[in-house]
Amino acid sequence: MGLTGFGVFFLFFGMILFFDKALLAIGNVLFVAGLAFVIGLERTFRFFFQKHKMKATGFFLGGVFVVLIGWPLIGMIFEIYGFFLLFRGFFPVVVGFIRRVPVLGSLLNLPGIRSFVDKVGESNNMV
């Protein structure tokens, strides 16, 4: 969990510092390594290389590669798109959990935010 947390921290900090390629590269490596340690190498491999997730995996890992070779802005765009495609099945669970948290749940019910959160929280397969 620590590796994944540090990976997310370095990715966030790298984006705040105007897409610093060194921080983004460290964050990418730590995030992927942390994910592998949390769920195991075999399950990580199976998660990323399922037949219906190959496009998402290509964008995500391609974005990691592009960041590592030195084009951080383009790489992060690819990564974010791949991340949303990979983890879109978890978004309804996350939205449902956040809606039950006292302060955050009331924030998600504000008029402008509610329609966006409802769309993100839908459980249909967006292809």
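Start with Phe65, Ile69, Trp71, Leu73, Ile74, Ile77 and Phe78: together they make a nonpolar surface patch of about 730 Å². The elements that give two or more residues to it are α4 (54-69) and α5 (72-86). Helix α5 supplies the largest share, 4 residues. A patch takes residues with over 30% relative accessible area and no salt bridge, and nonpolar side chains (Val, Leu, Ile, Met, Phe, Trp, Tyr) are joined within 5 Å. Areas are Shrake-Rupley values with a 1.4 Å probe, and for residues only the protein chains shown count as cover.

This is a predicted model: local features need pLDDT of at least 70, side-chain atom pairs count only at pLDDT 80 or more, and totals for chains, interfaces and linings use all residues. Residues are numbered from 1 along each chain as its sequence is written, and side-chain values use heavy atoms, with hydrogens and water left out.

Now pick Ile74 in helix α5. Ile74 is partly exposed, at 43% relative accessible area. The classes are buried under 20%, exposed over 50%, and partly exposed in between (1.4 Å probe, protein chains only).

Zoom out to the whole chain. Colour by secondary structure: 8 helices and 0 strands. Helices are DSSP runs (H or I, at least four residues), strands are E runs of at least two, and numbering starts from the N terminus. The C-alpha trace spans about 40 × 35 × 25 Å along its principal axes. Of the 127 residues, 31% count as buried.

Next, the salt bridges. The whole structure has 3. Each is a side-chain nitrogen of Lys or Arg within 4 Å of a carboxyl oxygen of Asp or Glu.

Select Glu42 and Arg46. Their side chains meet in a salt bridge at 3.8 Å, N to O. Both sit in helix α3 (residues 41-48), 4 residues apart, about one turn of the helix. Glu42 is exposed at 57%, while Arg46 is partly exposed at 47%.

Move to Arg99 and Asp118. Their closest N and O atoms are 2.4 Å apart in a salt bridge. Arg99 lies in helix α6 (residues 91-100) and Asp118 in helix α8 (residues 111-120), so the pair ties together parts 19 residues apart in sequence. Arg99 is partly exposed at 33%, and Asp118 is partly exposed at 30%.

Arg114 is partly exposed, at 40%. Show Arg99, Arg114 and Asp118 together: salt bridges with shared partners join them into one network.

Conventions: Patches are made of residues with over 30% relative accessible area and no salt bridge: like charges are joined within 9 Å, nonpolar side chains (Val, Leu, Ile, Met, Phe, Trp, Tyr) within 5 Å.
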